[in-house]
Amino acid sequence: MAELKRSLSLLEITLMSVGIILGAGIYVVIGEAAGLSGNSIWLSFIIAAIVATFTGLSYAELSSRYPEAGAEYVYVENAFGSQLAWLTGWLIIIASVIGSATVAIGFSRYFSSLFNTPLLIVSFAVLIVVGLILLIGVQETASLTILFMIIEAAGLILVIFIGLPYLGTVDYLSMANGFKGVIEAGVLIFFGYLGFEGITRLAEETEHPEKTIPKAIVYSLAITTIFYILVGIAAISVIPWQELASAQAPLSLVAEQLLGDYSFTILSVIALFSTFNTALVMLLSGSRLLYGISKKGGLPKLFEKVSKKRQTPWIAILAITLFSMVFLLIEDLSTVTNLTNFAIFCVFILVNASLIYYRVKGKESSGFKVPLNIGKIPLIPCLGIITSVGMMANLQLNVLVMGIALLLVGLLIGYLKDRKA
């Protein structure tokens with residue numbers, strides 16, 4: 001049977017992670033987040049970064065223990081068995097497809113602001129193009145992702161540069177809805193940090209993954225957090241948070257205020273590259289998860305098939321692309337964003353619990369190791385669980401109901417699958 005091509009370096013995998021993290025959070029959700037937090041949006045970015053880092057370090061250790069495409073599925077299976085592993089895999093698949101739908105909607109919003117096109121049609125077209133690129137090959141996808149990452153980073157640097165003369169013109173401690181609003185904005189912004197966990201699913205296509213993946217996680221989280229805080233401060237310094245909250249293309253509005261319509265067009269085009277890039281890497285990592293779960297026997301062998309010519313899991317790519325299109329019909333950006341967050345918070349709880357289990361059982365890692373322990377109990381994974389639960393508690397009721405429904409669907413599928421076996 002054909003295997004995946006191992007060709008991604010530390011630089012490539014880090015830049016891919018930076019590319020997916022930078023895309024969605026800034027260009028898609030910053031407006032709605034500003035409406036919740038007001039001028040204190042920078043604090044919301046810090047809160048989201050802290051939560052992401054706790055679990056990011058757990059991922060770093062687990063990826064050095066089990067450098068496989070199944071990633072979280074493998075971590076949880078080795079700790080708690082196949083049933084919880086299946087639920088974990090189901091949640092990540094849901095997060096990948098809903099997340100891809102979210103940024104496709106974000107892409108279509110920017111595209112519509114430029115060309116006045118129907119949002120839904122453009123969203124479908126984006127996912128079709130992404131699926132075709134993934135079928136071509138992982139090295140080609142990586143090269144395109146890195147190129148787009150450079151373009152989107154340039155756009156954020158432009159926003160920071162525009163904001164420099166305005167620094168200190170607003171009260172950065174002013175909160176639109178109190179500290180609760182800052183927390184709620186942090187929950188929404190957390191979507192923008194998703195991506196570091198996705199590169200663990202590229203382990204079988206990465207050179208020396210047990211060392212490369214942990215480094216890439218730490219580097220990408222540090223780089224993107226600095227970007228996010230600076231852009232958040234710049235944006236609310238130039239444009240009142242009320243206007244950002246109601247803007248269809250918030251960062252383009254920042255550029256327009258200083259440089260006119262021409263800059264609006266430039267930044268909107270950059271945002272197109274950014275959101276497209278995020279959808280590309282989300283579906284890339286999601287397809288590798290389907291492939292990895294199939295290899296472990298958790299899904300039909302059909303998803304394990306790899307193209308001999310392109311060395312890509314083509315059936316997994318087609319399946320996850322089509323599944324993602326279904327969630328475009330929701331259209332409400334805030335709802336689909338927080339549905340993704342709900343699924344990921346659940347996964348993060350299970351991943352952190354897995355690392356705690358390995359440590360308590362004395363299963364040491366020869367690679368990266370999360371610091372700070374009390375006896376055999378690692379503190380950072382415990383904080384990862386606590387903060388993930390806390391963030392989940394701040395989700396809206398309708399999101400929690402829909403998320404629980406998706407959990408029950410996953411449990412039912414797992415039950416039927418085990419019964420059939």
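1. Helix α7 (residues 178–190) has these buried residues: G181, V182, I183, A185, G186, V187, L188, I189 and F190. Buried means under 20% relative accessible area, with exposed over 50% and partly exposed in between (1.4 Å probe, protein chains only). The model is predicted: local features need pLDDT of at least 70, side-chain atom pairs count only at pLDDT 80 or more, and totals for chains, interfaces and linings use all residues. Numbering runs from 1 along each chain as its sequence is written, and side-chain values use heavy atoms, without hydrogens or water.

2. The length of α7 agrees with expectation: at 1.5 Å a residue, its 13 residues should span 18 Å, and its end C-alpha atoms are 19 Å apart. The expected span is 1.5 Å times one less than the number of residues. Helices are DSSP runs (H or I, at least four residues), numbered from the N terminus.

3. Now the helix pair. The axes of α6 (residues 138–163) and α8 (residues 209–238) come within 8 Å and cross at roughly 45 degrees. Axes are lines fitted to C-alpha atoms over the stretch in contact, and angles run from 0 to 180 degrees between N-to-C directions.

4. Which residues of α6 and α8 meet? A153, L156, I157, V159, I160, I162 and G163 in α6 meet F227, L230, V231, A234 and V238 in α8. By class, this contact has 11 nonpolar, 1 polar and no charged residues. Gly counts as polar; Ala, Val, Leu, Ile and Phe are among the nonpolar types; Asp, Glu, Lys and Arg are charged.

5. I236 lies in α8. I236 is buried, at 1% relative accessible area. Beyond its neighbours within four places in sequence, I236 contacts G38, N39, I41, V170, Y172, W241 and L244. Contact means heavy atoms within 4.5 Å.

Definitions and conventions. Helices (H or I, at least four residues) and strands (E, at least two) are DSSP runs, numbered from the N terminus.
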